[in-house]
Amino acid sequence: MAVAAGLEATYHFTFTGDEPLSATVVIRNQTVQAQPGHIGTADLHVMADSRTWLGFVAKERSLVWALVRRTIRLKGSPRLLLAFGKCFPS
C-alpha cells in the first residue's frame with residue numbers, strides 16, 4: 001500500500017444501507033490504522049451508502065454524481081478524500 005507522503009489526517013466513515021458500519025482511519029507517518037467506531041476528532045467525515053461507496057472505490061460510480069445525489073456526503077475538505085484515494089492506487 002502506497003501511502004501519500006506528508007498526509008496526516010483522521011477520517012470518520014459512516015456507512016449506511018446494506019452494510020452499515022462506522023470506522024475511523026488515521027493516516028500518519030506513511031502508515032494507515034483503522035479502528036471500528038468513531039474515535040477522536042475527524043479532519044473529514046464521510047457518510048455514504050455502502051453500495052455507492054464500494055462502487056466509487058471500484059471506480060464504477062462517479063464521486064461527483066454520488067455527491068449530487070447525496071448518497072455520499074462529506075463534512076470537511078474534499079481534498080482530504082482525494083488524498084485518501086491516492087493512498088490506495090488501483
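Which side chain does a polar contact of 2.8 Å join to that of H45? The views below take up this residue after an overview of the predicted model, and the partner turns out to be T14, whose side chain is joined to that of H45 by this polar contact.

**View 1. The whole chain of the predicted model, with three helices and five strands.** Read from the N terminus on, the elements of the protein chain follow the order β-β-β-β-α-α-β-α. The radius of gyration of the protein chain is 12 Å, close to the 12 Å that the globule rule gives for 90 residues, so the chain is as compact as a globular protein of that length. Along the principal axes, the C-alpha atoms of the protein chain fill a box of roughly 35 × 25 × 20 Å. Of the 90 residues in the protein chain, 32% are buried, and the accessible surface of the chain comes to about 5,800 Å², with 55% of that surface belonging to carbon and sulfur atoms. Among the contacts between residues at least 6 apart in sequence, 59% join residues that are at least 24 apart. The charged side chains of the protein chain number 10 positive and 6 negative, and the centres of these two sets lie 8 Å apart.

**View 2. H45 in strand β4, which spans residues 44-49.** H45 has a relative accessible area of 18%, and it is counted as buried because this value falls under the 20% limit. The side chains of H45 and T14 are joined by a polar contact of 2.8 Å. When residues up to four places away in sequence are left aside, H45 touches H12, T14, H38, R73, L74 and K75.

**View 3. Helix α1, its buried residues and what covers them.** The buried residues of α1, a helix that spans residues 50-57, are S50, T52, W53 and G55. The cover over these buried residues includes β1 (9-16), β4, α2, β5 and α3 (78-86). At the start of α1, a side-chain oxygen of D49 reaches to within 3.2 Å of the backbone nitrogen of R51. Just after the helix, K59 takes a positive phi of about 65°.

**View 4. S62 in the loop between α1 and α2.** The side chain of S62 reaches the backbone nitrogen of V64 at 3.3 Å. Is S62 buried, partly exposed or exposed? With a relative accessibility of 39%, S62 counts as partly exposed, because that value lies between the 20% limit for buried residues and the 50% limit for exposed ones. S62 and T52 are ten residues apart in sequence, and their C-alpha atoms are 9.2 Å apart in space.

**View 5. V32 in strand β3 and its distance to C87.** V32 and C87 are 55 residues apart in sequence, whereas in space they are 9.0 Å apart, taken from C-alpha to C-alpha. At 27% relative accessibility, V32 counts as partly exposed.

**View 6. G6 in the segment before β1.** G6 has a relative accessible area of 71%, and it is exposed because this value is over 50%. In sequence, G6 and I27 are 21 residues apart, and from C-alpha to C-alpha they are 9.5 Å apart in space.

Note on methods: Residues are numbered from 1 along each chain as its sequence is written. This is a predicted model: local features need pLDDT of at least 70, side-chain atom pairs count only at pLDDT 80 or more; totals for chains, interfaces and linings use all residues. Side-chain values use heavy atoms; hydrogens and water are left out. Helices (H or I, at least four residues) and strands (E, at least two) are DSSP runs, numbered from the N terminus. Buried means under 20% relative accessible area, exposed over 50%, partly exposed in between (1.4 Å probe, protein chains only). A polar contact is a pair of N or O atoms within 3.5 Å; within protein, one must be able to donate a hydrogen and the other to accept it, and residues adjacent in sequence count only if both atoms are side-chain atoms. Contact means heavy atoms within 4.5 Å. The radius of gyration is taken over C-alpha atoms; the globule rule is 2.2 Å times the number of residues to the power 0.38. Accessible areas come from the Shrake-Rupley method with a 1.4 Å probe; for residues, only the protein chains shown count as cover. Lys and Arg count as positive and Asp and Glu as negative; His and the chain ends are not counted. The place of a charge is taken as NZ of Lys, CZ of Arg, CG of Asp or CD of Glu.
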